[in-house]
Amino acid sequence: MKVLVVGCGVAGICLTHELLRAGCEVQVIDNNKNVSSAVAAGIINPLVFRRMTLSWRVSELIPFAYSRYPEMEQLTNTSFFHPLVIRRLFASEQEAEFWKKKQVQDDYSAYMELLTEEDLHFPLEQNTFGTGRVKQASYIDTDSFMRANKDYFRSKGMLSESIFDHDELDPVQAVYKGITYDYILFAEGKDGKYNPFFAYLPLQQTKGEVLTIQSATIYSQESLNRKCFLLPTGDNLFKVGSTYTWNTDDTVPTEEGKQTIAANLKSITSEPYTIVEHRAGVRPTVPDRRPMLGRHPEFPKMVVANGLGTKGYMLAPLLMHELVNHLLNGTEIDEESHISRFEYLMNS
Ligand SMILES: Cc1cc2nc3c(=O)[nH]c(=O)nc-3n(C[C@H](O)[C@H](O)[C@H](O)COP(=O)(O)OP(=O)(O)OC[C@H]3O[C@@H](n4cnc5c(N)ncnc54)[C@H](O)[C@@H]3O)c2cc1C
């Protein structure tokens, strides 16, 4: 089977690996303008702190991701997948109470360490209500991940670094620039909004900014979290973020974004630091916070793999596996992720 993957972010990369595993002949096309997977902090956090709930499908997504990323490391001969302890600084008494209640529940206990006296009195200047440690968290060094996978595809002669031109596509026969494919898979991230075949989908563009800071005195044994994440990446460097600006595909870092992150960081630490880098990206989000996967209702050889939102690194390995299984073996796509839920928008 011959497949063209449009987009080489985390969605396109995971798709390509799944297709290769299944024995497909794959070509990948990417315009080297990545503004999401490359900008992301790459944190995989099984909890949603805002509501102190579990992430969607976490018990399936995490084990699958944790089997696939090490395999990709082996294939690409690069280390980019790192286990991580995330320490949440509770924002209130109520949050600490939520943790205490949930840590003993069956579904939560796999992801929450039981609170200890040490956690409650952890020696951080901003520890007012205690802290809790997340289990089974990790992070992907996104720069290395992107570089290693692109190098790998390039070395196999599979990567075309150019713009995919939708005007040159015959969507019925799946012919692009004279080559016929069995499927063309669109993993275009925020630019999926400009794909004429899938423009009916409610893809949103949600800008986010992130800082890289350097400090010799900020605590660097764990990732700290309150109002923002503080991710130690080695050599006294940390990623801090992020911000949310809805409905824009502007990728310019702003002074306002920088100030917001700096203000949020104060709720974790007041240690001195210098800003080394300031980047902005755009997440491909969906109003119902679920991905958008599936074949086009009228052009079944056109397939979309988008809407990974704020947690692409956790979602992509399993969801892309499920999508490839669907295309090759006819298995069902998870109902909540299937684009059939938006078919009513097609002619509206
Ligand atoms: C500031 C910030 C922080 C984040 N932090 C995290 C985090 O900690 N953990 C996490 O899991 N997620 C995080 N995310 C979200 C994560 O980045 C996304 O979920 C994920 O990267 C989406 O991946 P994607 O492959 O769908 O899109 P993208 O990474 O945007 O990839 C799409 C690719 O398609 C290419 N493309 C598009 N159109 C064309 C065309 N016509 N021709 C050729 N190429 C094309 C683009 O250039 C791009 O390379 C963060 C995002 C931001 C912005």
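**Ligand shell, domain arrangement and local backbone features**

In the predicted model, 34 residues surround the ligand, the closest being Asp30, Asn31, Ser37, Phe164 and Gly309; a residue is taken as near a molecule if one of its heavy atoms lies within 4 Å of it. The model is predicted, with local features requiring pLDDT of at least 70, side-chain atom pairs counted only at pLDDT 80 or more, and totals for chains, interfaces and linings using all residues. Residues are numbered from 1 along each chain as its sequence is written, and side-chain values use heavy atoms, with hydrogens and water left out.

A polar side-chain atom of serine 37 is placed 2.5 Å from a ligand oxygen atom. A backbone N or O atom of tyrosine 313 lies 2.9 Å from an oxygen atom of the ligand, and for a backbone N or O atom of alanine 11 the corresponding distance to a ligand oxygen atom is 3.0 Å. Of the 1000 Å² of accessible area that the ligand has on its own, the protein covers 96% (Shrake-Rupley method, 1.4 Å probe; for residues, only the protein chains shown count as cover).

Helix 1 (10-21), strand 18 (274-285) and helix 8 (312-329) are the elements that give two or more residues to the shell around the ligand. Strand 18 supplies the largest share, four residues. Helices (H or I, at least four residues) and strands (E, at least two) are DSSP runs, numbered from the N terminus. The shell is made up of 13 nonpolar, 15 polar and six charged residues; Ala, Val, Leu, Ile, Met, Phe, Trp, Tyr, Cys and Pro count as nonpolar, Asp, Glu, Lys and Arg as charged, and the others, Gly among them, as polar.

The chain is divided into domain 1 (2-40 + 143-202 + 288-345), domain 2 (43-140) and domain 3 (204-285), with bounds from an automatic or database domain assignment. The C-alpha centres of domain 2 and domain 3 are 19 Å apart, and the contact between them takes 17 residues from each of these domains (contact means heavy atoms within 4.5 Å). Domain 1 and domain 3 both give residues to the shell around the ligand, so the ligand lies between them.

Two residues other than glycine have positive phi. Methionine 52, with phi near 50°, is in the loop between strand 4 (47-48) and strand 5 (53-54), and is buried at a relative accessible area of 1%. Asparagine 77, with phi of about 55°, is found in the loop between helix 2 (58-76) and strand 6 (81-89), and is exposed at 71%. Buried denotes under 20% relative accessible area, exposed over 50%, and partly exposed in between (1.4 Å probe, protein chains only). The peptide bond from glycine 241 to serine 242 is cis, with omega near -5°; serine 242 is in the loop between strand 16 (237-241) and strand 17 (245-246).

Arginine 290 is located in the loop between strand 18 and strand 19 (292-295). Leaving aside neighbours within four places in sequence, arginine 290 is in contact with Trp56, Gly307, Glu336 and Arg341. Its side chain makes a polar contact of 2.9 Å with the side chain of glutamate 336. A polar contact is a pair of N or O atoms within 3.5 Å; within protein, one must be able to donate a hydrogen and the other to accept it, and residues adjacent in sequence count only if both atoms are side-chain atoms. The C-alpha atoms of arginine 290 and serine 337, 47 residues apart along the chain, are separated by 5.7 Å.
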